[in-house]
Amino acid sequence: MSSSGKWREEQILIICPGSQTTLAQLGCSELTLPTHRIPTRMFKDGDEWRPYHTYSRKKIVNGAEEEEWVEDVDSDEGAVYPIRAGHIVHMDAFLAFLDHVHGLLTTTYHNTPIMLMASPQWTRPDAEAIARYVFEKTRTPALCIIHSGIATQYGLKWPNMTVIDIGYQKVDVTAIHDGRVVNHIDVGASAADDQLSGGEAFTQRLQKLLASQNFTHDMAEQLKKSTICEVLPYVATADSLFELPVLSPAAALPSAPSATKPLAPVAAPETSKPEGPTNDEEGSDEKKSEDDGVLDVAAIVTSGQTKEFLARKEKEKAKPGRKPKTQQEEAPARPARLPNSKRTHNTFFYEEIVQELVVPEPKQPPKEVTQENGPAGADTDQKLSESTATTDTAAPAAPTAEGSTAPDVAMTDNAAAAEVKEEPKPEEPKPEEPQVLATNGDASKPDEDAAPKDSSNDTPEYRAKRVKKDIEVGLERFTFADRSEIDRIVTAIYRTVQGIDDMYMRPPCWDNIVFVGNGSRLRGLKENILATLHARHIISPSTATMFTSELPSNMATPTGTGAQTPTSSFNGAPHQLQSGGVNPLLQAATTASLNQHQALGTPQAGSEAAGPASHHFHSQTPTSIKLAAMPSYLSEWTKAGFEESMFLGAQVAARIAFCLHSNMDTQSIEAQRTMSLSRVDYNELGPKGIRTHSMLS
């Protein structure tokens, strides 16, 4: 396919690899959440790589043991993770993983362009090795590698922003201005450094604190993702910079009498109503419904007094006015439920998947027997259903007496037939095995062969069983947020934005901060980081004016006529250069120098994208730090959260890079061509062409 050829949206393959999980999807016609989440790991098998762990086991077939190979999709035994803290540490395994993802989602190479998201830690040799493998080992028509920060910017559609990507073992802080990366700093991303950052650092800290309770890594990970684990708000006056909840015995005392006192006063107004002898039971149902604010329909129906309850409710609706004051005053005061941040202890539910070795029971013989005796079995089932229906209608007040009603039904309808069919059911494995084999051939020979065939079904198999446990956790669910780890992230954010060379680019980056990555889903982490930035690095605008002159720098030079005399009333944007009133020679020299930069593709001077041309922003510290507003027109992403917005941006960028668009001039067509590396361009430029034909900067 030629370099000018374009593809449909459903043909594009999008891959966003991570240290633990890779997001992948075929097609970007609808901006949806990723459809596939694949573990980023491979398994070595001789000279080849396999996507799953394989092991051999023995199986009994016709009385003989045979060896078979089984793929365990969930096991990670012997797994090789090609990406660690953003760095590609095993290129061969990563290339084999890309081939596995492509083969899993597509069947052809020649018409499937690939959009691959790259971490900021990927080097130029890494990108060239990926391009060489894609174009020489496969038949992929085009490849686009996009920077993860740029992908986030495409997804959220803010031209200027600071992207804070909290990943599994690293934190990336990328400053973007006018759609290009102007600075980047990572935390814990060194391949040789054992000090990690991101979500894994919090998990290891939590596991260390709960080591006395025998917490495993999986238990700590589930606790971190639960609702009871959170980062407490930043408190500048506290010694530990956060306030832990304290157990006050006075707060627990009112809860005991509150549970015992409401019983007598609530029953008093209900028993005073002339409703008959059943007021006590109805009053108990009404108490439940009034205490919870919701009618307990199940309790009302099982009491057998539905009609009386509905009649009483109709009478209450017919009475005008509010309830009596005595009933309102004597209503039980429900104890206030403390939030999680005010509780010293709380309980979370841990779910563990255990592999049990189970011998499967033979289930096919009874099925074949029922097929032979189909009409008789159907008749008896109908009779049993009819008999049970009659007993249910006759005795509705005793629904739990199922065992006593069954023999009565068998005696009333058809005692002989019912008893014969009920007895063999618990004895299905033993007596009915020869009957099944008798249907396929002679009666004598299958009886002899029955034993080895049944033994083949008795081969043990591992089955997953979900076990749920309730575990009580104390203050460790708050203290796991190490202050030094949060300070590392805050310092990286400050140095990234303040490290931008042009100072006029810093305020837009401070006003549009975005937290992405699944590590940012930790409750309270974003709020704590933002509060720390406000407390340590922000200054008020009134304080910032003392470092600037009283007259704005963009005021025109006064002349002798007095027409341009400076006045105190000035409503324009601060620190911007006005074109009117400037020396013509100075303006001509400025525009002449800017024309040279415009030829290189830089934004026009004085625009919102490029900022002022001559005068810089005076304040060297931020005067405002804000979070960027998230888009609200994507309901699916709004419900799930924008922590994976880099995948959303990859879909948008794939549309722009690979699909055909109308109303495009020559410059736009050339810009679109340089967004991706096609096969024609690869044949001319080689692997180094990915440096200029990509979205890595």
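This is a predicted model: local features need pLDDT of at least 70, side-chain atom pairs count only at pLDDT 80 or more; totals for chains, interfaces and linings use all residues.
Which residue does R691 meet in a salt bridge? The partner is E128, and the two side chains come to 2.7 Å, N to O. R691 sits in the segment after α28 (679–685), while E128 belongs to helix α2 (residues 124–137), so this pair ties together parts that are 563 residues apart in sequence. R691 is partly exposed, at 40% relative accessibility, and E128 is buried, at 11%.

In total, the structure holds 17 salt bridges. I will go through two others, both involving helix α22.

One is between R536 and D487, with the closest N and O atoms 3.1 Å apart. R536 is in helix α22 (residues 525–537) and D487 is in helix α20 (residues 483–498), so parts 49 residues apart in sequence are tied together here. R536 is partly exposed, with 37% relative accessibility.

The other joins K526 to E643, where the closest N and O atoms are 3.9 Å apart. K526 is also in helix α22, and E643 is in the loop between α25 (635–640) and α26, so the bridge links parts that are 117 residues apart in sequence. K526 is partly exposed, with a relative accessible area of 26%. E643, at 10%, counts as buried.

Last, helix α26 itself. Is Q651, which lies in that helix, buried or exposed? Q651 is buried, with a relative accessible area of 0%. The helix spans residues 645–658. Leaving aside residues up to four places away in sequence, Q651 touches I14, Q25, C28, E30, L31, T32 and W637.

Key. Residues are numbered from 1 along each chain as its sequence is written. Side-chain values use heavy atoms; hydrogens and water are left out. Helices (H or I, at least four residues) and strands (E, at least two) are DSSP runs, numbered from the N terminus. Buried means under 20% relative accessible area, exposed over 50%, partly exposed in between (1.4 Å probe, protein chains only). Contact means heavy atoms within 4.5 Å. A salt bridge is a side-chain nitrogen of Lys or Arg within 4 Å of a carboxyl oxygen of Asp or Glu.
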